[in-house]
Amino acid sequence: MKEMLFLIFLAVAAWQDMRDKEIDAWLYVVFGGLIWFGKLCFDGPVELWREAVNAVPGIALVLLSRLSGGAVGEGDGWFFVVAGVALGVWNAVALFFISLFLCCLWCAGMAVWGWRRRISVRRKTVPFLPFVLPAVLWVLRG
């Protein structure tokens, strides 16, 4: 149940990230609340310390975003807070690194494309959440 809600959340958030390069805050509240409520209903009592640990990767990204002046999207950090609650800390970390690898491949391809066409891609921004979509399928498969 929580995995299905998480996939819907990811699809909507990735679409918004591609379209607007930002995600509406209400998505985090609604889907994060639904996922947490689903865990309470289907998994039984939730230990708050464990949920806090599950949110650590996302919280670290939010702090990194604030410390870097927005070089890392704060919305991506909040996304991984919800991912940690939905999937657990280790799956959220795996999801982040697989997504980061896919994003790096895409950006390297963009750099080569720009170099070959003599077009500067230095100031281009790339939305991160679309790369999470194929990564989550890999993580949930295992």
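Student: Hey, where does K21 sit?
Tutor: K21 is in the loop between α1 and α2. Helices here are DSSP runs of H or I with at least four residues, strands are runs of E with at least two, and both are numbered from the N terminus. Keep in mind that this is a predicted model: local features need pLDDT of at least 70, side-chain atom pairs count only at pLDDT 80 or more, and totals for chains, interfaces and linings use all residues. Residues are numbered from 1 along each chain as its sequence is written, and side-chain values use heavy atoms, with hydrogens and water left out.

Student: Okay. What's the phi of K21?
Tutor: K21 has a positive phi of about 60°, and K21 is not a glycine.

Student: Which residues does K21 touch?
Tutor: Leaving out residues up to four places away in sequence, K21 touches Q16, T125 and P127. A contact means heavy atoms within 4.5 Å.

Student: And is K21 buried, partly exposed or exposed?
Tutor: Partly exposed, with a relative accessible area of 47%. The cut-offs are under 20% for buried and over 50% for exposed, with partly exposed in between, using a 1.4 Å probe and protein chains only.

Student: Which other residue has phi near 60° without being a glycine?
Tutor: R118 has a positive phi near 60° too. You'll find R118 in the loop between α6 and α7, and at 78% relative accessibility R118 counts as exposed.

Student: Let's zoom out. How many helices and strands are there?
Tutor: Seven helices and zero strands. Along the sequence the pattern reads α-α-α-α-α-α-α.

Student: How compact is the chain?
Tutor: Its radius of gyration is 16 Å, close to the 14 Å that the globule rule gives for 142 residues, so the chain is as compact as a globular protein of that length. The radius is taken over C-alpha atoms, and the rule is 2.2 Å times the number of residues to the power 0.38. Along its principal axes, the C-alpha trace spans about 60 × 35 × 25 Å.

Student: What share of the residues is buried?
Tutor: 38% of the 142 residues count as buried.

Student: Where's the largest nonpolar core, I mean, which elements build it?
Tutor: That core has 30 residues. A nonpolar core is a set of buried Ala, Val, Leu, Ile, Met, Phe, Trp, Tyr and Cys residues joined through side-chain atoms within 4.5 Å. The elements giving two or more residues to this core are α1 (2-20), α2 (25-43), α5 (74-87), α6 (89-117) and α7 (132-141). Of these, α5 gives the most, with seven residues.

Student: Which residues have the most contacts inside this core?
Tutor: F6, F9, F79, F80, L95 and V132. Take F6: not counting residues up to four places away in sequence, F6 touches I35, F79, V82, A83, A86, L87, L95 and V136.

Student: What about I8, which helix is that in?
Tutor: I8 is in helix α1, and I8 is partly exposed at 39% relative accessible area.

Student: How far apart are K21 and G75 in space?
Tutor: They are 9.4 Å apart, C-alpha to C-alpha, while being 54 residues apart in sequence. G75 is in helix α5 and counts as partly exposed at 23% relative accessibility.

Student: Last topic, charges. How many positive and negative side chains are there?
Tutor: There are 13 positive and 10 negative side chains, and the centres of the two sets lie 16 Å apart. Lys and Arg count as positive, Asp and Glu as negative, while His and the chain ends are not counted. Each charge is placed at NZ of Lys, CZ of Arg, CG of Asp or CD of Glu.
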